[in-house]
Number of protein chains: 2
Amino acid sequence: MNADFVNPFIISLLNVLETMAQIKLQVGKPKRKTTALAQGDVSGLIGMVGDNIKGSMSITFEEGLALDIMQGMLGERPDTLDAEVSDMVGEITNMVAGGAKKELAKKGYDIGMATPMVVSGPEHTINHKVSGHKMIMPFKGEGGKAYIEICFDK
Amino acid sequence: MNADFVNPFIISLLNVLETMAQIKLQVGKPKRKTTALAQGDVSGLIGMVGDNIKGSMSITFEEGLALDIMQGMLGERPDTLDAEVSDMVGEITNMVAGGAKKELAKKGYDIGMATPMVVSGPEHTINHKVSGHKMIMPFKGEGGKAYIEICFDK
């Protein structure tokens with residue numbers, strides 16, 4: 001997997017969070033995921049299907065950062081990861097995937113995005129089952145960390 | 001969503017578990033999911049994209065049933081939901097989606113399946129973010145429960 005594929009997702013997440021919640025994230029170094037697991041409290045996941053390619057993306061948030069995003073978007077901070085936070089994570093996942101899809105289309109990749117799913121549960125892990133490489137990108141906000149993972153079949 | 005869509009997934013899960021692990025599940029009554037959440041310890045998720053349709057499927061297992069399946073498939077029962085169980089759940093998710101895809105193709109629905117993702121974490125929940133109906137189907141094995149959820153956008 002090359003930067004052509006990875007960068008649209010990174011840029012899209014940064015854009016979405018800054019536009020929607022006035023939150024700026026520090027971008028860590030993307031790396032190939034081997035044993036490393038993104039661990040977090042709420043995650044948005046989406047499947048991707050193209051003509052000769054298929055894969056998956058996830059965005060995992062630590063609780064503190066997810067609540068910061070809610071506060072930035074709605075002006076109110078929930079006490080816990082409730083149903084509204086789940087909706088918000090689904091919405092962000094959709095927007096990030098949609099933004100990346102547009103950029104990928106400009107580069108000649110026509111990729112259909114499935115519908116998002118949101119997983120809630122303390123310190124859950126997500127494992128993308130693909131034959132190709134897995135890229136994991138760490139982000140850091142004031143309230144906690146986030147991880148994007150992007151994986152495609154060979 | 002009608003039985004055309006739902007039944008291929010139910011039949012496929014029953015086939016896969018009986019063939020691969022000699023495990024028979026009791027099928028509960030499918031229902032539209034409203035507030036009900038499938039709660040389990042390990043889940044396989046997959047996105048689906050067709051020409052005019054997109055959606056998602058998840059299969060959630062309680063720990064006891066997941067370990068029973070491992071024992072049935074490999075003859076050995078792991079102590080915990082380890083990396084091998086995660087691989088097995090990803091494989092089963094792929095097989096169930098593949099089996100359902102074939103059946104749906106016979107009915108004229110051409111749906112591309114993304115790559116599976118596996119979520120681990122005690123009592124996590126999964127929320128499918130779609131505009132259409134969500135169907136949840138409960139299953140019961142000797143070692144615990146399982147749930148399939150199938151959701152499509154309108």
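## A quick tour of the two chains

Start by selecting A:Thr93 and showing what surrounds it: A:Thr93 is in contact (heavy atoms within 4.5 Å) with A:Gly44, A:Leu45, A:Ile46, A:Met57, A:Ile59 and A:Pro116, leaving aside residues up to four places away in sequence. This is a predicted model, where local features need pLDDT of at least 70, side-chain atom pairs count only at pLDDT 80 or more, and totals for chains, interfaces and linings use all residues. Residues are numbered from 1 along each chain as its sequence is written, chains are lettered from A and ligands numbered from 1 in the order written, and side-chain values use heavy atoms, without hydrogens and water.

A:Thr93 sits in helix H3 of chain A, residues 83-106. (Helices are DSSP runs of H or I, at least four residues, numbered from the N terminus.) Is A:Thr93 buried or exposed? A:Thr93 counts as buried because its relative accessibility is 0%; buried means under 20% relative accessible area, with a 1.4 Å probe and protein chains only.

Now hop to chain B and pick helices H2 (residues 63-74) and H3 (residues 83-106): their axes, lines fitted to C-alpha atoms over the stretch in contact, come within 10 Å and cross at roughly 85°. H2(B) and H3(B) are therefore roughly perpendicular, a label for angles of 65 to 115 degrees.

Finally, show both chains. A rotation of 180° with 0.0 Å of shift along its axis puts chain A on chain B, RMSD 0.0 Å, using least squares on C-alpha atoms of residues with pLDDT of at least 70 in both. That is a two-fold axis relation.

Notes: Helix = DSSP H or I, 4+ residues; strand = E, 2+ residues; numbered from the N terminus. Buried < 20%, exposed > 50% of the residue type's maximum accessible area, 1.4 Å probe, protein only. Axes fitted to C-alpha atoms, helices over the stretch in contact; angles between N-to-C directions. Parallel < 35°, antiparallel > 145°, perpendicular 65-115°, else oblique.
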